[in-house]
Amino acid sequence: MAVFRRFAFGAAWILATILSNAVARDPFKNSTVHPDSTNVATVPKYFPLRPPAVPLAVRTPYTSAWSSTAGDGTLNSQNPIFWFGQGLGWEGIVVVDGNSFEYMGASINDFPELSYFNTTVPLEVRFDSQFSNFTFLAGPVVITASFFSPVTPKDICRSSIPLSYLTTAVQSSDGNPHHVQFYSDVNAQWIGLGSEYDIIKEYYIGTGSNGTRNSTDSARSWILRPKAESESLFGESSQVPRWGNFSYTTSPKGAQRFSYQSGSATSVRFGFVNNLALNNDAGSAPRGFGNQEPVYAFAHDMGTVTETSVRYTIGSIQTPNVRYLHTGGLSNLAPWWQKCYGGMHDMIRFHYSDFDTVATLANEFETQLRADVNTFYQGAEPPVNATPTPFTNSSTYSTLDVLNGTDQYGQQYEFDPSSSYGYLQPGNATGIAIPFVSESESYYAIVALSARQVMGAYVFAVPPDAPSGDDRVEPLMFQKEISSNGNINTVDVLYPASPFFLYANPALLKYILQPLYELQEGGFYPNTYSMHDIGTHFPLATGHVEGNDEYMPVESSGNIILMSYAYYKFTGDSSWLVSHYGILKQFAQYLISYSLVPSAQLSTDDFAGELANQTNLAIKGIVGLQAMSAVARVAGEADDAAEFATRATDFYERWEGFAIDPSGRHTLLAYQWRSSWGILYNVYYDKLLNMGLVKPSLYAMQSTWYATVSQAFGVPLDNRHHYTKSDWELWAAATCEPATRRLFVDAVAYWLNTTATNLPFADLHEVVGDGDYPIDVDHFSARPVVGGHYALLALGRTGQLAGAVGGDTTGSLFPRNGTEPLPTPDEPIVPPSYAGAPLKPRAVRKQAPAWQQKRLDP
């Protein structure tokens, strides 16, 4: 029931006038309808677990809406949030026989108590890699709000679309027909503005199936964009774009009556709840009472039905979407969807009508994902969905009440709920995985939740000067380093994300690496090591012509060699690899000089600060040299191959002497630092590509060690702090024995289910306490590095399954230290040719205008 708010005298008089004319209604009481009303809670059940934030509309860095679950928050008790944390106006109401039920948003708290305006009762939330489905009880009906952000990595055109779907469905729960109406609105916070006077709005009617705009199935869109004085090309405000358009679209199809309206939030919503229709006014300025923020609303009257649904699409659309420095100058790049579908309204219309087709494609990805998880764990764990849901939706895992016992693997355990040690083996206090939890179920939940977050950090663009009808043109991909520093195509962010691309479509890895190569091979970077990123802030890919980017020379050089070689191994595309041989050799020469004993510098974990003699950083460079020897063989450079191989082997032997603690129990965080240790995740690529450099005994030693320093929410990243990184935990898990792998995987899932964090999947979190964000480090959320959670599935693509553990590469389809690609590689997919109007020429300048120079400077 709504909380009564005090209104000024004038507003109260308006309310009284409206209420006196309101249609009389008999409110439904949920407790009298739902047969299990005594068991209905205000917090839903979550399947397969309760994430800190549930993805709603996640397609790009700017179309990124989530529902936070922190503090028992639900879709119908608070507003959706942007990945940065600020609220977004997205309201949803269903009217049943004249009684309104709010299923999304919290506008009910802005109203006086009305007997015919109720909140819904949340029943359950289910998510997979594509959909997030929220189910509510609303009087005699059940409401399902289904949010669908397609993850179709092998369909480049559809992947480039920045829009997402919401389908709201109603089904009678008492078997009787009911009069059903839908209401939904959005506000201008989606473009970072809260005033009507800063916005240009348009109510746009598209063409329908009969080719005219008066068709009942034609799409209707609210289009919002900043006014000229508020617009800033490629600018942001609180991470929200200040250029381009925002679109909210639906169709009258199936409705007996359709209406729309813009105006102030409280006036429009209150008017609908009382009048059960909108006034078809698209031009009014905000007026009335209460919340004056402008909203843009649709309403559907579906008549008397037993079941019905309405579909919406939503998203932020930028044209152009990237500024790019290249040998032709500075270009403002067109989004790839423009090459596929034409103009903005053409793309919106296609996307709205494409639901059934793209849902089929998405289901194929989801089905394959589950099958691949089951294949990886075959014989080791029960299949996904064959066991009960592994985690409860409460804040405490059910077996924590059991202080000791024997788990499903015959391992004895003990547990002290007053500590942060987690489950331990009696006697030696070695950590073990959470008992009675299926590792396969835990892993599926992790990768399913990660899929949309990975793809939601990228945009696709048409290369500069690309002929519009050339079928051979491939897109460029640009990544925003979300929530850490906003760099574009950051090498050490792409590196942890790379297992997702190797698993889902390796061609995407090439599209992201290509701009890095073009800037460096084009003479726009003066250093001999690899650049850290291609621009200080997304979407300005304007490079670092002075070479003053973040200093990660060994990190970036090793990363780009390893990823480029992995792309070849998964695709067989030797021509692309060999075309970049010259600069890869340059990076490898740097590694020969500086990787064995790294000077004080940052690694990818830059939040931890600079450190000299980093063990994990050194092994990255050494494994990179081993990969470079193979690259040289592919390129036919036999002398180079021998040199790089000799260096890699020699460096590795010397590295073991520097890196392993004198006790022989673990590697050090830094050479000679006796009390130090850390997660040695950079050996993962050696195992993935079966390069045969790292000794099996080292894998086994590290696997045993991790279990001795584990905590309730995982293994700390290193001895300096009690936080960890989930991407690196899963990389390390892929190199460990089964018991330690389970420890890592189940700890990540357990953290997801119980953490106090309130933003999208945070890859950096505490392993003690309530698993909150680390102190004095920016909150990491929605970052694409969660692609690293696919480390086990990428291993599975190479034939290495759960039985091939540690240094054992049994089953690998790659011959040991061979250069052969996968026997049936992922051949690059040629994007479809453009079928729309000719692309508009993109501006190409040798130098940006003076008024833009300040913005372009790092």
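## The second largest cavity

About 140 Å³ of space lies in the second largest cavity of this protein. Of the 15 residues lining this cavity, Thr 60, Ser 160, Pro 162, Asn 321 and Val 459 are the closest to its centre. Strand E26 (residues 458-461) gives the largest share of the lining, three residues. By class, the lining has eight nonpolar, six polar and one charged residues.

A cavity is a set of points, on a 1 Å grid over the protein atoms alone, where a 1.4 Å probe fits but cannot get out, and lining residues have an atom within 4 Å of a point. Grid points are joined across faces, edges and corners, and the volume is the space filled by probe spheres set on the points. Ala, Val, Leu, Ile, Met, Phe, Trp, Tyr, Cys and Pro count as nonpolar, Asp, Glu, Lys and Arg as charged, and the others, Gly among them, as polar. Helices (H or I, at least four residues) and strands (E, at least two) are DSSP runs, numbered from the N terminus.

## About the model

Please keep in mind that this is a predicted model, in which local features need pLDDT of at least 70 and side-chain atom pairs count only at pLDDT 80 or more, while totals for chains, interfaces and linings use all residues. Residues are numbered from 1 along each chain as its sequence is written, and side-chain values use heavy atoms, with hydrogens and water left out.

## The chain as a whole

The protein chain has 21 helices and 31 strands. Buried residues (under 20% relative accessible area; exposed is over 50% and partly exposed in between, with a 1.4 Å probe and protein chains only) make up 63% of the 858 residues. Among contacts (heavy atoms within 4.5 Å) between residues at least 6 apart in sequence, 71% join residues at least 24 apart.

## The largest cavity

The largest cavity holds about 190 Å³ of space. Its lining has 21 residues, and Asp 605, Gln 614, Asn 616, Leu 669 and Tyr 681 are the closest to the centre. The lining of the largest cavity divides into 10 nonpolar, seven polar and four charged residues.

Leu 617 sits in helix H14 (residues 615-634) and counts as buried, at 2% relative accessibility. Leaving aside neighbours within four places in sequence, Leu 617 is in contact with Val 554, Glu 555, Pro 598, Gln 601, Leu 602, Ser 603 and Asn 682. Val 554 is 63 residues away along the chain, yet its C-alpha atom is separated from that of Leu 617 by 7.2 Å.

Gly 714 belongs to the loop between helix H17 (696-706) and strand E29 (723-725). Gly 714 is buried too, with a relative accessible area of 4%. Not counting residues up to four places away in sequence, Gly 714 touches Glu 729, Ala 747 and Val 767. Gly 714 and Gly 771 are 57 residues apart in sequence and 9.8 Å apart in space, C-alpha to C-alpha.

## Where H7 meets H9

Two packed helices are described by the angle between their axes and the distance between the axes. The axes of helix H7 (residues 355-377) and helix H9 (residues 491-504) come within 12 Å and cross at roughly 105 degrees. These axes are lines fitted to C-alpha atoms, for helices over the stretch in contact, and angles run from 0 to 180 degrees between N-to-C directions. H7 and H9 are therefore roughly perpendicular to each other, where angles under 35 degrees count as roughly parallel, over 145 as roughly antiparallel, 65 to 115 as roughly perpendicular and the rest as oblique.

On the H7 side, Phe 365, Gln 368, Leu 369 and Asp 372 meet Phe 500, Tyr 503 and Ala 504 in H9. The residues of this contact divide into five nonpolar, one polar and one charged.

## Backbone details to look up

The bond from Thr 319 to Pro 320 is cis, with omega near 0 degrees, and Pro 320 is in the loop between strand E20 (307-317) and strand E21 (322-326). Phe 538 and Pro 539 are also joined by a cis peptide bond, with omega about 5 degrees; Pro 539 lies in the loop between helix H10 (506-521) and strand E28 (540-541).

Leu 276 has a positive phi of about 60 degrees although it is not a glycine. Leu 276 is in the loop between helix H4 (265-275) and strand E19 (294-305) and is buried, with a relative accessible area of 18%. Ala 429 has a positive phi as well, near 60 degrees. Its place is the loop between strand E25 (423-424) and helix H8 (439-455), and at 42% relative accessibility Ala 429 counts as partly exposed.

How values were computed:
On a 1 Å grid over the protein atoms alone, a cavity is a set of points where a 1.4 Å probe fits but cannot get out, and a pocket is an open set with protein on both sides within 12 Å along at least five of seven lines; lining residues have an atom within 4 Å of a point.
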